[in-house]
Amino acid sequence: MEKKIFLIINMSFFGDVLLTNSLCLNIKKNYPDSKIVFIVNKPFGEAALFQEGVDEVFEFDKRGKNKGIWQFLKFAYNFPYRNKIYAAFSIYANERAVILSYLLNAQRRISGPRKFNRYFLTDVQENLKNRTYTQDKNADLIFPLIKRPSEIVPVSYMTDGIKTEFTDYIINKYKNKELIGLCCISKNPEKNMPVDTAVEIINKLRKDNKYVLYFGIGKESEDYVQNMRSKGCNDFEDLTNKTTISQMALLLKNCKGLISIDTGTMHLACAVKCPVCAVFYKPQLIKKWAPRKELYKSCVITWNFTPDNIIQSLYKII
């Protein structure tokens, strides 16, 4: 008997891709012999590749070779599992994903409610509003297949077998030392940690004989680091633009804990079981995105954003 093939299409960002793992784990629980195939936006291929339960990943380069209607159609036509998919899930009812599931001729095409998309779906999961957290909404897309709510499970990212000269170098450099990860900025400036707060956190952690790994990506992170250095803060390991997603996962797994704003790095730490102190400068986002204490070793900062409170909150969970 051939394995049932399940397709997950998530064209969103880093953290969004990680939080889709709750759906993968629910599929594997209910269909142990299934094959899970993941289509993901190209920059975040590794966010899907090492998730527990994921068997194969295809990158969709929506800003490059797959840009435009003809390249989109070509991608669908050449997709190796076209006409073989039992169920396809389009995350966030993304229109491109929904149409792709239709073109791939999946037997069941499942997503959340959105007026235009209904013409291309076989099942619309109407009950997503009954869930608050994003990862639970993702998992509940399985409802039309199993006719009951999904199981609430922590997302899981597998680091076994991930090994590079760079990660070996960092791990050996800080062997027998306590590492604390720090992530201060995201694509949304309103969620970013003030530079002065980050500088004081690093200085206080060093006084406690902790060593800081600073995680970041892009020009904004480079500028942030330069700003910290201009304030005399240099005693940290700057990993901006130096790691892949899987390398960052491995380094986070070797950290005693992570201090992070609301961003994908926070979710990755949860997925590798690294304790997280999540700092939410936009408290209204907590209900959708914050790590849940019943699933992850975590704490959430919502109002007292002083460096002392952030550090002491982290110490309580590590």
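**Note on helix packing and a surface patch**

1. Let me start with a helix pair: α8 passes α11 in a right-handed crossing (right-handed if the near helix is turned clockwise from the far one by less than a right angle, left-handed if anticlockwise). α8 covers residues 165-173 and α11 residues 245-253; they pack at an angle of about 20°, with axes 10 Å apart. That makes α8 roughly parallel to α11, a label for angles under 35 degrees. Axes here are lines fitted to C-alpha atoms over the stretch in contact, and angles run from 0 to 180 degrees between N-to-C directions.

2. A word on the basis: this is a predicted model, where local features need pLDDT of at least 70, side-chain atom pairs count only at pLDDT 80 or more, and totals for chains, interfaces and linings use all residues. Residues are numbered from 1 along each chain as its sequence is written, and side-chain values use heavy atoms, leaving out hydrogens and water.

3. The axes of α4 and α5 come within 9 Å and cross at roughly 45°. The two helices are therefore oblique to each other, and their crossing is right-handed.

4. The patch is formed by Ile69, Trp70, Leu73, Tyr102 and Leu103, with about 530 Å² of accessible area together. α4 gives the largest share, three residues.

5. Do look at Leu73, which lies in α4. Leu73 is partly exposed, at 31% relative accessible area (partly exposed lies between buried, under 20%, and exposed, over 50%, with a 1.4 Å probe and protein chains only).

Definitions and conventions
Patches are made of residues with over 30% relative accessible area and no salt bridge: like charges are joined within 9 Å, nonpolar side chains (Val, Leu, Ile, Met, Phe, Trp, Tyr) within 5 Å. Accessible areas come from the Shrake-Rupley method with a 1.4 Å probe; for residues, only the protein chains shown count as cover. A salt bridge is a side-chain nitrogen of Lys or Arg within 4 Å of a carboxyl oxygen of Asp or Glu. Helices (H or I, at least four residues) and strands (E, at least two) are DSSP runs, numbered from the N terminus. Angles under 35 degrees count as roughly parallel, over 145 as roughly antiparallel, 65 to 115 as roughly perpendicular and the rest as oblique.
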